[in-house]
Amino acid sequence: MEKVIISPSILSADFSKLGIEIEEVKKAGAQWLHIDVMDGHFVPNITIGVPVIKSIRKNTDLILDTHLMIENPENYIESFAKAGSDIITFHYEACKDDKKVRDVIHQIKGYGIKAGLSIKPNTKPESVYQFLNEVDLLLVMTVEPGFGGQEFIHDCALKIPKIKQNAPNNIIIQVDGGINNLTSKICKSLGASSLVAGSYIYKSQDYKKSIENLMQ
Ligand code: DX5
Ligand code: ZN
């Protein structure tokens, strides 16, 4: 099996010492950093914005994996790209039609960075088949987006092989929500190539051990 990419979500980090928390997951073996942006409209929570990403960018060379859980993503792609994101993932459900989805993918790619598209638990995988040749990453949410620390929804993971079958080989299939040492194995066996984990890493005592457990 190919090596899976672990993307620790800073949503569960201690924000009063964010720089240290980021340095620690890097030392623990992470290559990516997952940044959850929420607007209080697309999801019922508000988190991190552009200034925080700019500061993080100045202080780390980790791949910044920005997950936009916001309405009207097209209005914010430029800011999040210029802030230093290496990957920007937005939600299929935040777009009014398929043309909008395509436009936002191209908008992101216009900044020379990777474009990701995400689907919420109630969205059918078939809805995004038409975009699989255009995106670099497809994010399957295994919890309802909005909060860290929720329980993994097993049925959502069954979308992974369906997407894989219909996607080019080099696409990254990422899973986000409720990932721990057990659910990570399910997702990998179904074909996921990147795992986001917030609470499993940041609420643990040993980040290195937790990341190793997810990679096994
Ligand atoms: C949830 C976010 C996740 C969150 C995952 O809406 O997209 O990235 O941080 O947290 P855990 O790993 O605790 O489920
Ligand atoms: Zn996320």
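Aspartate 97 has a relative accessible area of 33% and is therefore partly exposed, a class lying between buried (under 20%) and exposed (over 50%), as computed with a 1.4 Å probe on protein chains only. Its side chain meets that of lysine 96 in a salt bridge, with an N to O distance of 3.9 Å; the term denotes a side-chain nitrogen of Lys or Arg within 4 Å of a carboxyl oxygen of Asp or Glu. Lysine 96 is exposed, at 72% relative accessibility.

The structure is a predicted model, in which local features need pLDDT of at least 70 and side-chain atom pairs count only at pLDDT 80 or more, whereas totals for chains, interfaces and linings use all residues. Side-chain values use heavy atoms, with hydrogens and water left out, residues are numbered from 1 along each chain as its sequence is written, and chains are lettered from A and ligands numbered from 1 in the order in which they are written.

The count of salt bridges comes to 10. One of them joins aspartate 103 to lysine 99, with the closest N and O atoms 2.8 Å apart. These two residues are 4 residues apart in helix α4 and so are separated by about one helical turn. Aspartate 103 is partly exposed at 35% relative accessibility, and lysine 99 is exposed at 56%. A further salt bridge, at 3.9 Å from N to O, is formed by the side chains of lysine 120 and glutamate 144. This pair links distant parts of the chain, 24 residues apart: lysine 120 lies in the loop between β5 (114–119) and β6 (137–141), and glutamate 144 in the loop between β6 and α5 (154–157). Both count as partly exposed, lysine 120 at 21% relative accessibility and glutamate 144 at 33%.

Histidine 34 in strand β2 (residues 32–38) and histidine 67 in strand β3 (residues 63–69) are 33 residues apart and link distant parts of the chain. Both histidines are buried.

The largest nonpolar core has 61 residues, and those with the most contacts inside it are Ile10, Leu33, Leu117 and Leu138. Such a core is a set of buried Ala, Val, Leu, Ile, Met, Phe, Trp, Tyr and Cys residues joined through side-chain atoms within 4.5 Å. Helix α4 (residues 98–109) gives the most to this core, with 4 residues. Apart from this core lies another, of 7 residues, among them Ile87, Met141, Val143 and Ile172.

The chain has 9 helices and 8 strands, taken as DSSP runs (H or I, at least four residues; E, at least two) numbered from the N terminus. Buried residues make up 53% of the 216 residues.
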